[in-house]
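Open the model in your viewer and keep the selection panel at hand. The stops below go from one selection to the next.

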Amino acid sequence: MRFVYSAVGIVLGGLFVYAGVQKHLAPYDFAEAVMGYQLLPQSLTGLTVAILPWLEMVSGVALILGVLPLKRLVINRFPVGTLLRRSALLLILGQSLLFVAVLLITIARGLEIDCGCSLFVQRQVGPAAIVEDGVFLLLTGLLYWRERRVQSD
Amino acid sequence: MTRVTWRRELTWAVGLLGLAVILGFMFHWSLVQASLRGKLTVLLDQKRQERREMQFPGVRTLDLAQAHQIWQEKQALFVDARKAAEYQKLHIQGAVNLLPETWALSSSELMKLDRRRELVVYCTQKSCDDAFKLAKKLQAAGFSRVVVFTGGFRAWHEAGYPADPSR
């Protein structure tokens with residue numbers, strides 16, 4: 001079972017790194033997608049476009065490092081691997097919650113726009129995008145719950 | 001070993017967020033600056049135009065006023081490059097629906113037209129590229145007077161110009 005949790009962690013981290021790299025390499029396309037949501041003023045759009053891709057990449061890399069090479073790393077009695085893993089999961093949980101909320105708001109407003117969130121194919125805001133983020137949310141929640149359960153055992 | 005508490009986890013998460021902020025500012029400072037000065041739209045328009053000049057060379061464009069004038073003169077055929085569901089909901093009056101992806105399957109009617117007929121292609125809004133993709137295909141098929149209305153259906157609809165729910 002431990003292997004399954006590790007594999008899920010690596011895949012989840014990898015997907016976040018991939019999503020971040022895609023957005024980082026095409027910042028102007030991403031900016032247009034963010035503006036399409038009509039949720040943020042221009043000043044915050046620029047900040048989101050600059051920071052969000054790096055947040056995805058940093059949290060993805062931290063999760064992968066915490067799951068594999070640094071899993072049991074302890075420095076000065078500090079469990080660095082555990083802290084990396086859990087803080088990354090918290091960040092991914094927060095991002096997934098934010099994405100689902102934004103998608104729901106957009107659907108409620110009746111906007112038919114490119115979601116700017118697709119991993120492999122371009123698509124509009126709709127049920128498929130919500131299911132994808134819902135799966136991320138579920139997996140992240142599961143991994144985090146297991147982390148805390150292992151500690152309390 | 002030091003126990004991992006909620007506070008420690010959150011502190012590390014904030015640290016990772018701080019790292020993302022620093023990296024984001026380092027790599028996209030010009031974009032952040034433009035948005036803080038309220039010039040993000042101008043920057044995006046400029047970058048989009050530069051990209052399209054590279055990606056779709058030789059495709060002429062029209063703004064809203066020019067497109068409306070041509071529509072009033074009834075000289076050109078308007079071609080809607082959006083998805084069928086969007087087209088059926090509402091489209092520029094008199095426009096036909098043709099998608100760049102299904103071009104080969106659904107262009108038979110259009111292929112009967114005189115190749116010198118003026119075609120005005122549009123998609124959803126100024127940020128979409130489907131009209132440009134279709135325009136290139138129409139040019140390759142021999143149509144010599146193909147132009148793209150860059151504002152797309154959103155600009156047309158917001159201006160209150162005539163639109164139809166079905167063909």
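Two strands pair if DSSP finds at least two bridges between them. Helices (H or I, at least four residues) and strands (E, at least two) are DSSP runs, numbered from the N terminus. This is a predicted model: local features need pLDDT of at least 70, side-chain atom pairs count only at pLDDT 80 or more, and totals for chains, interfaces and linings use all residues. Residues are numbered from 1 along each chain as its sequence is written, and chains are lettered from A and ligands numbered from 1 in the order in which they are written.

**Stop 1: the sheet of chain B**

Select S1, S6, S5, S2 and S4 of chain B. In that order, the five strands form an open sheet with parallel pairing. S1(B) (60-62) and S4(B) (96-97) stand at the edges with a single partner strand each, so one side of each has no neighbour in the sheet.

Start at S1(B). Three bridges join S1(B) to S6(B), running parallel. Leu62(B) stands opposite Phe149(B) in S6(B).

Move to S5(B), residues 119-122. Which way do its residues point? Leu119(B) and Val121(B) point one way, Val120(B) and Tyr122(B) the other, and all are buried (20 or more other C-beta atoms within 10 Å of a residue's own; exposed means 12 or fewer, partly exposed in between; C-beta atoms are placed from the backbone). In a regular strand the side chains alternate between the two faces of the sheet.

S2(B) (residues 77-80) pairs with S5(B) in the parallel sense over four bridges. Asp80(B) stands opposite Tyr122(B). S6(B) (residues 146-149) pairs with S5(B) over three bridges, also parallel. There, Val146(B) is the bridge partner of Leu119(B).

**Stop 2: the helix across the sheet**

Select H8(B), residues 130-140. The chain crosses from S5(B) through H8(B) to S6(B), a right-handed β-α-β crossover (with the strands pointing away from the viewer, the path from the first strand over the helix to the second runs clockwise). H8(B) lies across S2, S5 and S6 of chain B, at about 175° to S6(B). Axes are lines fitted to C-alpha atoms, for helices over the stretch in contact, and angles run from 0 to 180 degrees between N-to-C directions.

**Stop 3: an enclosed helix**

Jump to H2(A), residues 27-36. Eight of its 10 residues are buried, so H2(A) is largely enclosed by the rest of the structure. Among the buried ones are Phe30(A), Val34(A) and Gly36(A). The cover includes H1(A) and H3(A), together with H2(B) and H3(B). Just after H2(A), Gln38(A) takes a positive phi of about 55°.

**Stop 4: the contact between chains**

Show both chains. The contact takes 30 residues from chain A and 29 from chain B (two residues are in contact if their C-beta atoms, placed from the backbone, lie within 7 Å). H3(A) gives the largest share of the chain A side, 13 residues.

**Stop 5: the cores**

A nonpolar core is a set of buried Ala, Val, Leu, Ile, Met, Phe, Trp, Tyr and Cys residues joined through C-beta atoms within 7 Å. The largest has 38 residues, and Leu63(A), Ala88(A) and Leu16(B) have the most contacts inside it. H3(A) gives the most to this core, with 12 residues.

Centre on Leu16(B). Leaving aside neighbours within four places in sequence, Leu16(B) is in contact with Val58(A), Ser59(A), Ala62(A), Ser87(A), Ala88(A) and Leu91(A). Apart from that core lies another, of 27 residues, including Ala81(B), Val146(B), Val147(B) and Trp156(B).
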